[in-house]
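The sequence and structure come before the notes.

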Amino acid sequence: MSKSDWDTMSDANFETLLQTSISDVPPEHVVTEVNPWRKAIKNVLIGMAFCTVTLNFEGLNYILPVIGIILTMIGFRTLRADNVWFKLCFIISVVRGVCFFPIFILNTTIINEITEGRLVSLAGIFNTLMILCLTFCLWQGIRTVQRKAGILAGASGAVWLIVWYAILCALAVIQYTGMVIVAVMVIGYCVILRSLYSLSEEFDEAGYSVKTTSVKVSNRGIALILCLILLIGVVAGYVLGGSYPMRWQPIEGTEVNELIGIKSHLRALGFPEYVLNDLTAEEIKNCDGALRVVVESADEPVNDGRIENVQEGEGDKHYFVEKIVYDVRELRITDVAVQIKDKPEQWVIFHHFLWIKDPGFYGTESINLWPSYGEVAKGWTSDGEIGGRVLYDDYEGNHFAAPYYFVGNRTYTSDGLLSKTEEKSEIFADFSMPRKGEKFRGYITYKISALEEGYMISSWINYTHQKSCLQYPVETASQYRMKGIMAENSAFITVQHALKF
């Protein structure tokens, strides 16, 4: 349009031009920007859905709640200035984030085992109460908006949401595992959320715009900051919180004449030198006057190996079978039994491990001991405490040793055959190795006495090694072992070896 046309246009023509140049219905994204209720309530409802209905695969049961809490927080951040109930919703969502995010980070550490899960259990109860409070405040906040907009206050969707969460809590208490009620609950949840979102249309028709406040940092900026904090915390958790604090001390190399004589006698009976050199002076003295030494040793793999076709059979009757072949066997386990008394028999048992090849240590290690005096084995009784320690050398040849972080009995429930659970009480020794060093090794030892003659010695060591840090939530080697034969975690592998004679 030329300048002369603008100069000669009347007011009536100008009104007509405005009406014809603007479409009847503005685009949806324009409506959303003009009325912030739609985008805010969409973030809130999606966030609540992510926190409630999660998928238990590929880590989505942990990732979705994080996204959900962030969406809920920024959604109520937009609405908090409209009324006091939405402000309370925002405060509750922030409190949930403050409680949930540290636990999300702590799950990258072994703090769960140290606290025996109490922290996680308390957080779960607290989170449930927060969700119920949040839903109630959401209901009251919507009712307040409806009154301001001149709409009949009801918000039945929010009421049903409170009822829905109450039913969900009841199902969790009774540990319901059926699919019928779960399917009905999911469908009902979707209907409730759709009902709440449809309130946007009522507010648009009433011409009500939710009151908002100006902010210095956008919601997107808040979300990015929270994600960055979580990322830093997760990395720090994996790097700093995945190992036991071990009390490493240098080993003095002095020996008294008494020990030299005992060690010479043990060597003559066949006691392996590399095991003998790791024992403490007290443990060597316990073997004084040894009558007999029995040794079992094997190199065990902690890798997956490779599948190879191997020929078997003789002459014309031969065939090929697939077998797993191990090019490297990283772990040497040596079992030593020393008889120190004849009538009644008394033995000192040693289970020694030595890493021939550094496997890389990423967190925790564990030994599960089945001694000769256990529930299955008979004829023997314990004659003292469980002992032992772990050792390594630095690159300059200095020797270091530390006691186990934990050694003793644990009573636990694990999965057995045919998905049956069983309660056990077994001996565990937990420890961590440094990430730098060589000749990583250790042993566990105990003494037994015969109750009756004629019973064999059967002592088992179950060594669980952590071969990766990629697990979430982080569990320790002993936690993995206590899950039983149905345990699934690619971060661990268990090697078994027995001393039987």
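In this predicted model, 40 residues line the largest pocket. Nearest the centre of that pocket lie Cys-51, Thr-52, Thr-54, Asn-127 and Thr-128. The space in the largest pocket amounts to about 1,400 Å³.

**Pocket lining**
- Helices α4, α5, α6, α8, α9 and α10 each contribute at least two residues to the lining of the largest pocket.
- With 11 residues, α8 supplies the largest share of that lining.

**Nonpolar cores**
- The largest nonpolar core has 46 residues, and Phe-76 and Leu-138 touch the most other members.
- At least two residues of this core come from each of α4 (37-52), α5 (60-79), α6 (84-106), α8 (118-149), α9 (156-173), α10, α11 (199-206) and α12 (219-240).
- The largest share of this core is the nine residues from α8.
- Setting aside neighbours within four places in sequence, Phe-76 makes contact with Val-44, Phe-86, Cys-89, Phe-90, Ser-93, Leu-134 and Leu-138.
- There is also a second, separate core of 37 residues, with Ile-333, Tyr-404, Phe-431 and Leu-499 among them.

**Helix α10**
- Helix α10 spans residues 180-197, which is 18 residues.
- From its first C-alpha to its last, α10 reaches 26 Å, close to the 26 Å expected at 1.5 Å a residue.
- The buried residues in α10 are Met-185, Tyr-189, Ile-192, Leu-193 and Leu-196.
- Viewed down the axis of α10, these buried residues fall within an arc of 95 degrees, so they line one face of the helix.
- In general, an α-helix has 3.6 residues a turn, so residues three or four places apart point the same way.
- Val-180, Val-184, Ile-187 and Val-191 are exposed on the other side of α10.

**Loop residue Glu-385**
- Glu-385 sits in the loop between β8 (380-382) and β9 (387-393).
- Why does Glu-385 count as exposed? Its relative accessibility is 72%, and the cut-off for exposed is over 50%.
- Glu-385 and Thr-445 are 60 residues apart along the chain, while their C-alpha atoms are separated by 8.7 Å.
- Not counting residues up to four places away in sequence, Glu-385 touches Thr-445 and Tyr-446.

Terms used: Residues numbered from 1 in each chain as written. Predicted model: local features only at pLDDT ≥ 70, side-chain atom pairs only at ≥ 80, totals over all residues. Heavy atoms only, no water. Helix = DSSP H or I, 4+ residues; strand = E, 2+ residues; numbered from the N terminus. Expected span 1.5 Å × (residues − 1). Buried < 20%, exposed > 50% of the residue type's maximum accessible area, 1.4 Å probe, protein only. Arc of directions from axis to C-beta. Core = buried A, V, L, I, M, F, W, Y, C linked by side-chain atoms within 4.5 Å. Contact = heavy atoms within 4.5 Å. 1 Å grid on protein atoms, 1.4 Å probe; cavity = no way out; pocket = protein on both sides within 12 Å on 5 of 7 lines; lining within 4 Å. Points joined across faces, edges and corners; volume = space filled by probe spheres on them.
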